[in-house]
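Hi,

Here is the structure I promised to pass on.

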Amino acid sequence: MAAELHVELVAADRNVWSGGATLVIARTTSGDIGVMPGHQPLLGVLESGPVTIRTSDGGTVVAAVHGGFLSFADNKLSLLAEIAELADEIDTQRAERALERAKAESDAAAERRAEIRLRAVAAR
């Protein structure tokens, strides 16, 4: 069995995903980061964006994450997000409507959230 790390993706309201992974890619305030088993311990601030998890069984999990924190130590990665949803849970048509509405209302924050949701769907 290849080396793996344990990942917990948690939103303020629920545990979004938990399991073994070989690689996690997330965006932090310092830039994009890839975390693999044996990575140096780290603590970072998550930027809004897609998080990609390469699971131990060869699959891929993608989530739209909107802010939060990332912590890695002892091959355990915790992603504590303000808002997070799996790409498989995102209603693409609803996200597209939200994007159109946000643009019409000049709501930059809502526009960014909708764009990230759509990027997560496209990445899965």
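Let me start with the packing, bearing in mind that this is a predicted model. The largest nonpolar core has 25 residues, and the ones touching the most other members are Val7, Leu9, Val24, Ile53, Val65, Leu77 and Leu79. Seven strands each put at least two residues into this core: β1 (5-11), β2 (14-28), β3 (31-35), β4 (42-46), β5 (49-55), β6 (60-73) and β7. There is also a second, separate core of 11 residues, with Ala87, Ile116, Leu118 and Ala120 among them.

Beyond its neighbours within four places in sequence, Leu79 is in contact with Val7, Glu8, Leu9, Val10, Val24, Leu46, Val51, Phe69 and Leu70.

On to the domains. The chain is split into domain 1 (5-87) and domain 2 (90-123), and their C-alpha centres are 22 Å apart. Where they meet, 12 residues of domain 1 are in contact with nine of domain 2.

And which residues line the largest pocket? They are His66, Ile83, Glu85, Arg94, Arg97, Ala98, Arg101, Ala110, Arg113, Ala114 and Arg117. Two or more of them come from each of β7 (76-86), α1 (92-104) and α2 (108-123), and each domain gives at least three residues to the lining. By type, the lining has six charged residues, four nonpolar and one polar. The space inside comes to about 240 Å³.

Cheers

Definitions and conventions. Residues numbered from 1 in each chain as written. Predicted model: local features only at pLDDT ≥ 70, side-chain atom pairs only at ≥ 80, totals over all residues. Heavy atoms only, no water. 1 Å grid on protein atoms, 1.4 Å probe; cavity = no way out; pocket = protein on both sides within 12 Å on 5 of 7 lines; lining within 4 Å. Points joined across faces, edges and corners; volume = space filled by probe spheres on them. Helix = DSSP H or I, 4+ residues; strand = E, 2+ residues; numbered from the N terminus. Nonpolar A, V, L, I, M, F, W, Y, C, P; charged D, E, K, R; others polar. Domains from an automatic or database assignment. Core = buried A, V, L, I, M, F, W, Y, C linked by side-chain atoms within 4.5 Å. Buried < 20%, exposed > 50% of the residue type's maximum accessible area, 1.4 Å probe, protein only. Contact = heavy atoms within 4.5 Å.
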